[in-house]
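Colleague: I have a model open and would like to go through some of its side-chain pairs. Please keep it plain.

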Amino acid sequence: MMRRGRKRSRKSAQIGDEGNLGNRSLKKRKSEVEAGGSSKKKCTKSSDQVKWKSSMCHQCQRNDRARVVNCTNCKRKRFCVSCIQKWYPQMSEETIVDACPVCLGNCNCKACLRLEGTNDILNSKLELHVSKDEEVEHSKYLLEALLPFLKRFNDEQVIEMEMEARRQGKYLSELKIQRSDSSPNDRVYCDNCNTSIIDFHRSCPICSYDLCLICSREIREGNLQGSAEEVVDEYINRGLDYLHGGIGNLIKKPSETKLKCCARSTSKWKVNKDQSILCPAKDMDGCACSVLELRCIFPENHIRELVEKAEQIAETTKLIHATRPSAQKFSWFNSAGGADSRSTELRKAASREDSEDNYLYCPRGRNNHEDFNDFRCHWIQGEPVIVGNVLESATGLSWEPFVMWRACRQIQNSGHGRHVEFKAIDCLDWCELDINIVQFFNGYLEGQFDGKMWPRILKLNDCSLDDYLEKRLPRHCAEFICCLPFKEYTHPSSGSLNLAVKLPPECVKPDMGPKMYIAYGVSQELGRGDSVTKLHCDSCDVRCLMASQSIAISV
C-alpha cells in the first residue's frame, strides 16, 4: 500500500531550506551553477516579477570575469570586457549597453554562428521589397530581352522536327516526338561538347548517346568545332629557383607527364542523305549501330506554345525596349578618351590605347534608381562591375579570420563529424597539402613562408566547402545575401530579374551557390604564384563578395 505524506506549506518549505539544505535544494543550486550561473546572484525586484542577474559572459560562457557589460535592450545577455576587446573591437561598451551583438544579429560566438534560422533584424534585411508596378516592369523587360532568343531557339527545334518528319516519311503535323527517359532531377549533357541540353536533342535508342542540336548542325555542315589535329601540352618544370623569381633551368620530365588533348575528327561522324546522323563509334563512347533519334525533355510543343504566349503579351502591352542606349556608356568619357571628372564611380583597370574599355563601373552599395539603371547598362553588355561598401547594408557579422576559424572548426558531435583539417593548394607549384584549420587561419595574422622565405599563397581546396556556407554557416550565408547589391538581379530566391528564379519547378536549375572560397593574397604581385583562381568559364553570371584581412608582416 502506498503511503501518502502530507504536503507542507510553501512557507514551512522555505524555512526548512534556510535551516537545512535538503537534496532538492542542492540539486537546484547545482543545476544553476552548471548552467553557467553564479552562486552569488543579485535579486532585482520589479513591479510584476523578480529578475536574477548573472555574471556569465555570453561569448566565453565564463562567470569569473572581473567586469561584464549588461545589455539594457534584451536584459538577458552580457559580455565581458576581454571578449568585447577581442571579438568586437569595433563596438564600444556603451554600444553594447544599448544593444548587444545578439540583439543586433551579429554575435560571433560559436553557438550563434551555427544557429539555424534568422532573427527579426536579419529577416528584415533579407526581404526583397519590390512593388507590384516594379515587378510588372521587370517582367516586361525580361520578356522583351528573351523573346528574340526564344524565337531562335524555337526555329532550331522546328528545323529538327522537319528533318525528323522527312526521315520517318510523315507530315510535320503527324510527327510525335518521344520524351526523354531522363529523371527530372538529372541534368542532361551533350556527349560530344558536354554542354547542358535544355529540350530537343538527338539520342541513340540503343546506347543512349546524346547529341545537342548545335553539334548536330555542325556535323551536317562538316565544321564540328574542336575538330583540329591532336594537341599535346607539355608541363615544363624549371626548378625551384624559377618558382622563386629566378631564371631557372629546364628540367626534363618523364613522358607520362604530358597532357594530351585528343580532338575528335568529323571523319568519324557519318551523315546520311536524309540528314540523319549515325551514332558515333565506340572510341567516342557510342555504339555505331543506330541512327540518332529526336528526343524532347519538355512536352513536345512546350517551346512553341511559350513563344506564342510571349508574342501575344508583347503585342498587347506594346513593349518598349527598357535598356538604356549604348551611347549612355560613352558619356562617362571625355573627348580625349579618359574618364570624365564627373565619373567618380569608374576605376581604371587597363591602359589600352584607342579604347574606351579601360575603366570599370564601380558604384557604392546604395542601390538607388540611378545606380540601378547604370548597372543594367553595363551588365547587359557583359562588363564586370565592382560594387563597394556592401557590408554597410548588412548586420555587421564579422568575417575576420579567427571568427571564420571558430565557425569552420568542428569537434565531432551528434550533428556534424570531426573537422579540424582542410585540403589546400600551394599556388606557387599547385601542389595539394593538408593543413590544420588553426594553422591556416593563423597565417592571416602571422603569415606563412617557405624555406626561401617566400610568402606562401594557399587556397583551400576542400570538397566540403561546396555547400559549407549554406549548411554549416547559416548566419554567414544569410549575411552574404544581405550584402548582395542590386538584389533584383542577384537575390538567389526572390530576384525578379534573376532568370534562375523564373525557371519552372520541374526544370533542373543551375548551381547558384552561394559558395565560399578562402585564400591568401599579397598586396604586391610577386611574379610567381600570384593567381589563386585559374582562368575558367562559368555557366551563369557570378557575383562574388570579397572580404579581405590586411596585416603587416616583417621579414
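Modeller: The side chains of E137 and K140 form a salt bridge, 3.9 Å from N to O. A salt bridge here is a side-chain nitrogen of Lys or Arg within 4 Å of a carboxyl oxygen of Asp or Glu. This is a predicted model, in which local features need pLDDT of at least 70, side-chain atom pairs count only at pLDDT 80 or more, and totals for chains, interfaces and linings use all residues. Residues are numbered from 1 along each chain as its sequence is written, and side-chain values use heavy atoms, with hydrogens and water left out.

Colleague: By about how much of a helix are E137 and K140 separated?

Modeller: Helices are DSSP runs of H or I with at least four residues, and strands are runs of E with at least two, numbered from the N terminus. E137 and K140 are three residues apart in helix α8, so their separation is about one helical turn.

Colleague: Are R202 and E164 buried or exposed?

Modeller: Their side chains meet in a salt bridge of 2.5 Å, N to O. R202 lies in strand β6 and E164 in helix α8, so the pair ties together parts 38 residues apart in sequence. Buried means under 20% relative accessible area, exposed over 50%, and partly exposed in between (1.4 Å probe, protein chains only). Both R202 and E164 are buried.

Colleague: Which residues are linked with E160 in a network of salt bridges?

Modeller: E160 is in helix α8 and, at 3% relative accessibility, counts as buried. The network links E160 with E164, R167, R202 and R220.
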